[in-house]
Amino acid sequence: MTSKKNNIRDFFKAIPKNIFSGFVVSLIALPLGLGLAMASDAPPISGVIAAIVGGVVVSVFGGSHVTIAGPGNGLVGVLLIAITTLGLETAYVAIMFSGILLLLLGFFRMGALADFFPSSAIQGMLAAIGLIILGKQFHIMLAHKISRENTVDYLMEIPQTINDAFHYGTDGLIYAALAGVLSLAIMAFYSKIRNKYLQLIPAPMWIVILSIGFSYYFEIGLHEPNPIAKEYMISGIPSIHEIIADLPLPNFNGIWSLSFWGSVLALTLISSIESLLSIKAVDKLDPEKRRSNVNKDLKALGLATVGSGLLGGLNVVTVIARSSVNVNNGATNRSSNFFHATFLILFIVFFSTQLTRIPLPALMAILVYTGYKLASPKIITQVFSIGKEQLIIFFVTLTFTLKIGLISGIILGVISTFIIHIIINKSAGLFLRNVLKPNVLMYKEQDGKNNFYVSIKHFCSFLNYFRLKQRLDAIPENQDVIVDFSMCEFVDDTVLENMNSYQELFAKRGGHFDVIGLDMHDTDTKHPFASRRLLPVPKIIKNSLTRRQTSMESLAENYNLNYSSKKQKKISFLNSFLFFNTKHINHIYNEFSQKETGIKLFDIEFSEGEFIAKEVIRTTMLYIDLNLEIPEFTLDREGFLERVYAFAGYKDIQIKNHDDFSKRFYLLGENEAGIIKFFNDDITRFFESNPYYHVESNGDALLVFGKERLASTKEIKTLFDFGKRLKQVISSH
């Protein structure tokens with residue numbers, strides 16, 4: 001009873017944070033909803049309707065915690081074909097039927113569906129979806145509408161469209177193309193600007209704001225009409241009253257055709273895969289590391305999709321980009337999804353007329369960038385680094401998805417993966433003999449350690465991974481787990497990637513997840529996710545130091561420090577810091593250490609967000625082991641953004657008799673009395689008289705860093721000196 005009361009109290013206490021994060025997400029959802037709908041040849045408002053219905057229904061009935069629901073990138077190609085072949089009214093019926101199938105998947109507990117698809121095949125399918133989006137929208141972005149038979153033709157026409165853009169004869173088309181190019185530049189470079197004030201408004205919303213501002217500049221400032229060609233402006237945005245008055249009438253005439261059911265199955269397949277992958281990725285970002293109930297979420301998404309189709313909206317899926325933004329802005333529960341939908345309703349009620357001032361090329365630039373991120377050349381490099389065979393699977397799936405269709409592409413990707421696994425192991429019998437056998441044994445060791453021991457036999461691949469996953473999901477994340485592959489002849493990349501995810505999850509929840517038994521296995525590459533089987537030991541290539549590393553090596557010698565340039569995965573000492581709650585640490589490297597002081601300085605690579613919203617950041621940090629207990633706190637330079645946080649429920653702790661410190665620094669922490677006692681005159685004056693750094697305490701150690709970039713040799717010296725002096729001041733406390 002007390003726990004329930006605490007949960008209710010925590011829910012209401014967190015509402016300001018969730019309102020704030022919901023508002024920020026709505027700034028992205030509005031332009032994306034419009035763009036995805038138009039890319040699918042649906043009315044622009046269809047995408048916004050899907051986001052509103054998804055936000056309301058999934059926030060009430062869903063099983064995830066910090067995800068956002070709305071129209072998805074992956075469905076653009078399928079919806080485009082469905083609307084073109086079936087007509088808009090029948091396509092809405094197909095959307096509703098796909099929602100019913102999603103509901104059934106949830107009721108029959110088919111949330112494990114995504115586990116049956118190999119990673120490289122999924123990457124190939126997503127890359128194909130990216131090319132489908134990019135192929136068609138690129139031409140509209142440059143104010144050049146064309147009609148071709150398939151995606152490959154659209155892609156082949158891109159050079160001609162670029163050439164034509166340099167020879168436009170009318171100013172209207174030139175301005176339209178410039179709007180597209182500038183919007184693409186904003187999407188590409190905005191994330192590189194690590195400014196916390198600018199980052200409050202997401203890149204897509206900047207495009208909307210600048211587009212509307214440009215229109216008013218000509219109308220009010222110059223008393224001239226918008227110079228962008230009218231055929232490249234958004235039109236047909238209805239008011240909320242018109243939406244209600246003009247609800248679409250479903251057309252059931254074509255439901256017995258093969259193309260109708262092909263569209264329904266494709267919509268269901270892509271919706272479920274995109275949603276399940278997104279839910280899995282967002283669970284990694286959740287600060288509280290909660291596990292989503294994927295079957296409950298599938299039911300909610302299915303119900304939302306049926307409702308969206310009835311109201312004239314698109315399919316509702318869980319979306320990774322908007323969910324990542326949601327987490328990064330402090331969301332703690334499903335109410336942020338509801339508030340994002342609420343703000344979208346307010347935008348439509350009060351600002352629907354302003355949306356017609358946005359040029360089509362600007363919105364299409366958002367989708368072109370999204371398509372590029374899905375099919376980026378980096379993905380090919382990553383797939384190849386895992387293994388050459390993965391590249392074959394990737395391109396088989398991609399090619400057949402583009403040429404035949406999404407369902408055919410993913411099925412052929414699965415078949416090609418199975419064939420390649422047989423070739424690698426030179427044995428079809430290994431799989432055929434054992435695929436139906438139980439290959440996972442789990443028990444709790446009773447030797448005082450109480451470890452969960454999991455042993456896997458025969459083989460472990462995408463074909464039977466669900467058995468291992470069922471066992472692992474039953475173990476609380478704060479326990480110790482040993483997963484033994486020593487009796488397994490073959491382990492594929494999909495399984496190893498998932499084992500890595502479990503290790504991160506258990507580490508952040510206070511448990512320990514250890515994978516053993518792969519010492520006798522080897523692979524073609526040294527990638528941690530490469531498929532494992534018995535092979536000769538590959539050659540080892542010695543990496544040379546960069547110029548910066550050479551300077552750091554010299555610096556270490558001059559200051560009597562230990563230095564290692566090697567990448568290290570032993571980063572458990574960072575897991576308890578609040579800063580990394582919603583971030584994934586890849587590795588640390590270029591480490592300086594000094595045992596007598598307990599200080600480490602290192603470069604670190606971590607990421608914010610997941611999937612296409614993922615941003616990799618490299619910076620330099622300082623870790624100070626204090627060997628004494630202090631309060632947990634976060635100290636930052638105070639600015640406008642920190643003052644805004646006060647409205648979202650974050651309280652700045654004031655230090656008496658130090659007005660200058662209280663004005664200049666933003667101090668957060670749960671134990672206010674303990675923090676005030678800790679910040680005595682000496683410690684407070686130290687911070688007042690030294691450069692600004694982000695300083696965070698986890699109770700027995702400090703994490704210190706400056707800008708979110710790698711430090712120069714000079715900055716490294718300054719940071720290390722700051723750390724040594726700070727430890728002396730605290731130790732004498």
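Mentor: A disulfide is a pair of cysteine sulfur atoms within 2.5 Å. This is a predicted model, where local features need pLDDT of at least 70, side-chain atom pairs count only at pLDDT 80 or more, and totals for chains, interfaces and linings use all residues. Residues are numbered from 1 along each chain as its sequence is written, and side-chain values use heavy atoms, with hydrogens and water left out.

Trainee: How many disulfides does the rule give here?

Mentor: The count is zero.

Trainee: Is Cys 460 buried or exposed?

Mentor: Buried means under 20% relative accessible area, exposed over 50%, and partly exposed in between (1.4 Å probe, protein chains only). Cys 460 has 1% relative accessibility, so it counts as buried. Cys 488 is buried too, at 2%.

Trainee: How many aromatic pairs does the structure hold?

Mentor: Rings of Phe, Tyr and Trp (its six-membered ring) pair if their centres lie within 6.5 Å; planes under 30 degrees apart count as stacked, over 60 as edge-to-face and the rest as tilted. The structure holds 36 such pairs. In one of them, the rings of Phe 686 and Phe 687 have centres 5.8 Å apart and planes at 80°, so this pair is edge-to-face. Both residues, Phe 686 and Phe 687, are buried.

Trainee: Which ring does Lys 600 lie over?

Mentor: A charge sits over a ring if NZ of Lys or CZ of Arg is within 6 Å of the ring centre and within 35 degrees of the ring normal. Lys 600 lies over the face of Phe 573, 4.3 Å from the ring centre.
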